[in-house]
Structures are given as structure tokens and as C-alpha cells.
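Student: I would like to learn how to read pockets, cavities and helix packing. Please take me through one example.

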Amino acid sequence: MADAARPKRVFSGIQPSGNLTLGNYLGALKRFVQMQESGFETIYCMVDLHAITTWQEPEDLRNATRQAAAAFMASGINPERSILFNQSQVPAHTELAWIFNCVARMGWLGRMTQFKDKAGKNRENASVGLFAYPALMAADILVYHATHVPVGEDQKQHLELTRDVAIKFNHDFKVDFFPVIEPVIKGTATRVMSLRDGQQKMSKSDPSDMSRINLTDNEDTIRKKLRRARTDSEPISDSLQGLEGRPEARNLINIYAALAEIQPDEVIRQFAGCLFSEFKPALIDLAVATIAPVTEKMNGFMRDPAEIDRILGVGADNAASIAEPILHETYEIVGMIRSRTM
Ligand code: TYM
């Protein structure tokens, strides 16, 4: 099928490997909600199988998975309108990932910067799963024939690999079966940076908790972290170009813009000439006003873990009913006999 003729279907995922951050919220969750509201068919997943490519305490993983589901719902994902589930409940992901392990090349995976960063110097000691991670990610997306994938900038290379896997599979088997997906990396918050170092991405795995705002932080903590966020002593310039070479300053302007849902140059217009000591109180109030209600709703959902598990189960059933026929057809294309009666 020509890609333009395919029905639009959105898929994205988040690893439940710790607290979700303001980066996840602005770069991913908020945009997932916008896509749900735009009337797309939307499928969102807690990628627990990706999380275990690095060590996770089992009880922490279970809790983080529920917490991520709570964050999706608190941000506005409605499980009646979007499919919301955890990856390991739909085995079609790992089955297709195996086939993709045989399509993707070692060289492609070895070039992935996330693998290089996470494996560090001691590559011999990294899990095989960490290396094969992008093939599972391609399977997550392609097992639904998803066409659009909203992510932050750090996932761009993985999505390029997903396109390469689809192109190579279609070419090798002489079919037009998997869509060549569109990465959707848009908005002012595609790369929210650390509050301690404007050159580093805000990340749930940063050893310093002061580097990020967690969606579980209370109001006092949010205030403290933003008050202490690194800046410089220059006033805010009157143009975005004036912020070049000032990554911490640029980051806070971008965060403000994303929270207020305006463009960064609009923020510059409002605050040109102000010192950060004057800008920060406005940023802090805006951050608290945006995040506190989300945190409160998350806490509400977390009071009923059985209900979260029920929602994830229904989501997984719905996800499986889309994925299984696509997986079945993939097996046929590859040449596997499918003759079981149950
Ligand atoms: P993960 O769990 O690291 O992040 C989830 C989403 O949040 C975005 N994000 C950010 N956006 C802006 N600024 C930041 N500082 C920031 N930090 C994180 C990420 O770009 C991502 O969109 N491999 C993926 C999970 C995954 C996936 C998929 C995504 C697995 N399968 C299929 C899309 C489609 C990951 O580790 O995301």
C-alpha cells in the first residue's frame, strides 16, 4: 500500500525506568494528548521490556509502570479514546522484534548513540538486550503499522533505524508491507535540558535529582529546583540570537514557552531586559500551576493500582487484536508454517 494511502495511526512509548520528568511531559506526554485530541487513532505503551535492558528492581519496575500509566492519564490520555497498555502484555512485540533482529545489521545497531552512551566504556558488560533495543522499538511501532511517531529529539536516530528496517524488510521480501514511518519531532520542547547543565538532556537517569523536575515532585521541591537552576548574570536579550552560547538561559526560555504554549520569541518579547532573578518567579509560578494538578491527579490514580492494572489489561487486549493479524501476515511473508489449531 502506498504510504500516503495508509490510515494514520500514532504509536509512542515511554520507559518505566524511574520518575518521569518535565522533559517527558513537555516533549512527549503533552504532545501525545494533542494527537489524541486531533482525532488520530492513538496507541501508547509503557515499554517495560525496554526498561529491563538495564537493571530494574522488580518491585520498582511494577510501581514505575503503574506510575507512568497514571502520568499518561493525569496528562489527559483517556483510555477510552487511546489504547494504553504495557508492552510485555502483548507478546507480538517480542515476536516481531526477533524477525527484525534478523533484518537489522550489527553495524546499524553499533552506530546508535544511545547504545554507546548507555553501554559506556565497558561494552562487553552491556546486556544483549541493550544492543538489540532499537529492533524491539521498530517492532513496537511496525507491529501496528503505525505511521506517525511523536517523540523527543533524542529518539530521532532510533526512528531512522525503524525506517531502515521497514525498507529493508519490504525490499528483501519484495512486498510493500511495513510503512516507512514519519517521526513527529515538533514544538519548543523537543529537547528539554538539565537544570544544572544546559548542554545535557534532562533525564530520569541523571544522578543529580536537582537536574530535573519529576512529575512526582511537590510544589516546594519544584520551587527549590527552579530557584537553584543554573543561569548567568546577563539580562534576557531582546532576540533569540542574543541567547546563543547561553544554553542554560535558552533552556529556561524554552521551558517557559512550552509550559505557556507560546513561541520562545514571544517569551523574549515579554521579558527582554529582565534579569533571571526577575524572570524565575514567573517561570516558577507557571511551572507549579501546570505540574501540580498533574501530580495531584497522578496521586489519585495511584491510590487504586488494581484499577490501573485493569485499564492496562483492556488496553493490551485491544492492542493485541491489532497486532496479531499483522504479526501473522509477517510470519507468512517470511515463510513460516502457521498450522496450529488453537
Ligand atoms: P524515554 O522513556 O527515554 O522517553 C519517553 C519520551 O520522552 C521524550 N523525552 C524528552 N523530550 C524532551 N526533552 C527531554 N529532556 C526528554 N527526555 C525524554 C523522549 O524523546 C520520548 O519521546 N526508546 C524510547 C521508548 C520507546 C519508544 C518506542 C518511543 C520504546 N519503543 C516506540 C516511540 C516509539 C525511550 O527510551 O523513551
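Student: How do the residues of the lining of the largest pocket divide into nonpolar, polar and charged?

Tutor: First, the ground rules. This is a predicted model, in which local features need pLDDT of at least 70 and side-chain atom pairs count only at pLDDT 80 or more, while totals for chains, interfaces and linings use all residues. Residues are numbered from 1 along each chain as its sequence is written, and side-chain values use heavy atoms, with hydrogens and water left out.

Tutor: Now the terms. On a 1 Å grid over the protein atoms alone, a pocket is an open set of points with protein on both sides within 12 Å along at least five of seven lines, a cavity is a set where a 1.4 Å probe fits but cannot get out, and lining residues have an atom within 4 Å of a point. Ala, Val, Leu, Ile, Met, Phe, Trp, Tyr, Cys and Pro count as nonpolar, Asp, Glu, Lys and Arg as charged, and the others, Gly among them, as polar. Here the lining of the largest pocket has 15 nonpolar, 20 polar and nine charged residues.

Student: What is the volume of the largest pocket, and which helix gives the most to its lining?

Tutor: A volume is the space filled by probe spheres set on the points, with grid points joined across faces, edges and corners. For the largest pocket that is about 1100 Å³. Helices (H or I, at least four residues) are DSSP runs, numbered from the N terminus. Helix 1 gives the most, with five residues. Nearest the centre of the pocket lie Gln 15, Gln 114, Asp 154, Gln 155 and Lys 201.

Student: Which residues line the second largest cavity?

Tutor: They are Gln 114, Phe 115, Leu 130, Tyr 133, Pro 134 and His 158. The space in this cavity is about 40 Å³, and helix 7 supplies the largest share of the lining, three residues.

Student: At what angle do helix 7 and helix 8 pack?

Tutor: Axes are lines fitted to C-alpha atoms, for helices over the stretch in contact, and angles run from 0 to 180 degrees between N-to-C directions. The angle is about 70°, and the axes are 9 Å apart. Angles of 65 to 115 degrees count as roughly perpendicular, and helix 7 and helix 8 are therefore roughly perpendicular to each other. Contact means heavy atoms within 4.5 Å; among the residues that make it are Tyr 133 and Pro 134 of helix 7 and His 158 of helix 8. By class, this contact has ten nonpolar, two polar and no charged residues.

Notes: Helix = DSSP H or I, 4+ residues; strand = E, 2+ residues; numbered from the N terminus. Parallel < 35°, antiparallel > 145°, perpendicular 65-115°, else oblique.
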